[in-house]
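User: Please take a close look at one part of this model, the charged side-chain pairs. Then go on to what lies around them.

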Amino acid sequence: MQNSLINELNEHLTLCGESYDLVQEENSILNSPTPRDAYAHVDRRKELLERVTGSMVRVKAHKALWGQLSPAERAKSMDVSNLIKQNMDLIMKTVMLDRENEKLILQHGMAPPDQLPSSRQNNPTAVAGMYQRHST
């Protein structure tokens with residue numbers, strides 16, 4: 001069980017690394033003079049998302065078994081704990097950089113209109129009015 005979990009976590013770490021590399025490439029493009037080229041990676045992003053989703057399902061299946069082990073047994077498996085931490089760290093780095101990319105996409109006016117945030121989100125009077133209407 002432990003070796004299988006280690007293999008799954010290593011595979012997931014590889015996929016997370018690929019995801020981070022892709023987000024870094026997109027960030028470089030978005031910071032370049034031709035940011036419109038960022039959409040060139042859409043198909044690659046979708047394919048990678050499918051692979052990450054499949055990997056997550058497999059890791060979750062192992063997580064249930066891992067949770068059934070006693071804390072003493074889990075403490076013996078530092079490899080698993082280290083891999084979990086590496087995965088989480090890389091996921092967080094990827095999410096943070098992807099958020100930066102989203103901001104750059106908005107700054108360049110490249111976001112599809114149906115995905116733009118509502119103007120009410122940034123309008124305090126609209127929010128106050130909504131609260132006032134629903135409080136009575």
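Analyst: **Charged pairs and their surroundings**

Arginine 51 and glutamate 18 form a salt bridge through their side chains, with an N to O distance of 3.1 Å; the term requires a side-chain nitrogen of Lys or Arg within 4 Å of a carboxyl oxygen of Asp or Glu. Arginine 51 belongs to helix H2 and glutamate 18 to helix H1, so the pair, 33 residues apart, links distant parts of the chain. Helices here are DSSP runs (H or I, at least four residues), numbered from the N terminus.

The model is predicted, and local features need pLDDT of at least 70, side-chain atom pairs count only at pLDDT 80 or more, and totals for chains, interfaces and linings use all residues. Residues are numbered from 1 along each chain as its sequence is written, and side-chain values use heavy atoms, with hydrogens and water left out.

Both members of the pair count as partly exposed: arginine 51 has 32% relative accessibility and glutamate 18 has 30%. On this scale buried means under 20% relative accessible area, exposed over 50%, and partly exposed in between (1.4 Å probe, protein chains only).

Next comes arginine 45, whose side chain meets that of glutamate 26 in a salt bridge of 2.5 Å, N to O. This again links distant parts of the chain, arginine 45 in helix H2 with glutamate 26 in helix H1, 19 residues apart. Arginine 45 is partly exposed at 33% relative accessible area, whereas glutamate 26 is buried at 7%.

Arginine 45 also forms a salt bridge with aspartate 98, at 3.0 Å, N to O. That pair spans 53 residues and links helix H4, which holds aspartate 98, to helix H2, which holds arginine 45. Elsewhere, salt bridges with shared partners join Glu18, Glu47 and Arg51 into one network. The whole structure contains seven salt bridges. In general, side chains of opposite charge can pair when their charged atoms come close.

Glutamate 26 leads on to asparagine 101. Leaving out residues up to four places away in sequence, asparagine 101 touches Val23, Glu26, Asn27 and Leu30, where contact means heavy atoms within 4.5 Å. Asparagine 101 lies in helix H4, residues 78-107, and is buried at 2% relative accessible area. A polar atom of its side chain lies 3.1 Å from the backbone oxygen of valine 23.

One further charged group faces a ring. The charged end of lysine 93 sits over the ring of tyrosine 20, 4.8 Å from its centre; the criterion is NZ of Lys or CZ of Arg within 6 Å of the ring centre and within 35 degrees of the ring normal.

The largest nonpolar core has 13 residues, of which Leu5, Leu9, Val80, Leu83 and Leu90 touch the most other members. Helix H1 (2-30), helix H2 (42-68) and H4 each give two or more residues to this core, and H1 gives the most, with seven. A second, separate core has five residues, including Ile29, Leu30, Leu104 and Met110. A core is a set of buried Ala, Val, Leu, Ile, Met, Phe, Trp, Tyr and Cys residues joined through side-chain atoms within 4.5 Å.

Conventions:
A polar contact is a pair of N or O atoms within 3.5 Å; within protein, one must be able to donate a hydrogen and the other to accept it, and residues adjacent in sequence count only if both atoms are side-chain atoms.
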